[in-house]
Amino acid sequence: MASAFANKAEMEYAITLAVLDFHTEFMKAHYSSVQVQLSNELIEVSMTRIASIPAENQLARSTEGRALLRHYYRAMYDSCQSLLCTRIERAIGAKVHSLVADLDPSAENTMLVIRLQEPLTTSTA
């Protein structure tokens, strides 16, 4: 069973820190905005990057370039997905069933959808 947090905000904060630390360390990316949505065993994390990378901006101007960027970032997530899952599991005390990442290169947004093995629990206190 997932560890209990005092409230939903504490759990969202723990998830935000785990995801941001991972991205800073492994993806070398920094974000200006992070939003976490919790729903039973589903966590959605939406992030917007701070600084754009000129080469990525150039690629994002074409359909083929956006497809290449999406493929690149999915491959990066796939290669270190277990590390991110471990960090999330440590942060919230619940096992991750699956994690899917998607990138919108033109808007510099990243979306993570994390499905847990069991529903999250929070205290109403």
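**Exercise 1.** How far is the sulfur of Cys80 from the closest cysteine sulfur, and which residue holds that sulfur?

*Solution.* This is a predicted model, where local features need pLDDT of at least 70 and side-chain atom pairs count only at pLDDT 80 or more, while totals for chains, interfaces and linings use all residues. Residues are numbered from 1 along each chain as its sequence is written, and side-chain values use heavy atoms, without hydrogens and water.

- Step 1. Take the sulfur of Cys80: the closest cysteine sulfur is in Cys85, 10.0 Å away.
- Step 2. Apply the rule: a disulfide is a pair of cysteine sulfur atoms within 2.5 Å.
- Step 3. The distance of 10.0 Å is too far for a bond. The count is 0 disulfides.

**Exercise 2.** Is Thr16 buried or exposed? Find its contacts too.

*Solution.*

- Step 1. Locate Thr16: helix α1, residues 8-27. Helices are DSSP runs (H or I, at least four residues), numbered from the N terminus.
- Step 2. Thr16 has a relative accessible area of 16%. Buried means under 20%, exposed over 50%, partly exposed in between (1.4 Å probe, protein chains only). So Thr16 is buried.
- Step 3. Leave aside neighbours within four places in sequence; Thr16 then contacts Val34 and Val36. Contact means heavy atoms within 4.5 Å.

**Exercise 3.** Which residues of α1 and α3 meet?

*Solution.*

- Step 1. Helix α3 spans residues 63-92.
- Step 2. The α1 side includes Met11, Ala14 and Phe22. The α3 side includes Tyr73, Cys80 and Leu84.
- Step 3. Check one of them: Cys80 is buried, at 11% relative accessibility.

Technical notes:
Helix = DSSP H or I, 4+ residues; strand = E, 2+ residues; numbered from the N terminus. Axes fitted to C-alpha atoms, helices over the stretch in contact; angles between N-to-C directions.
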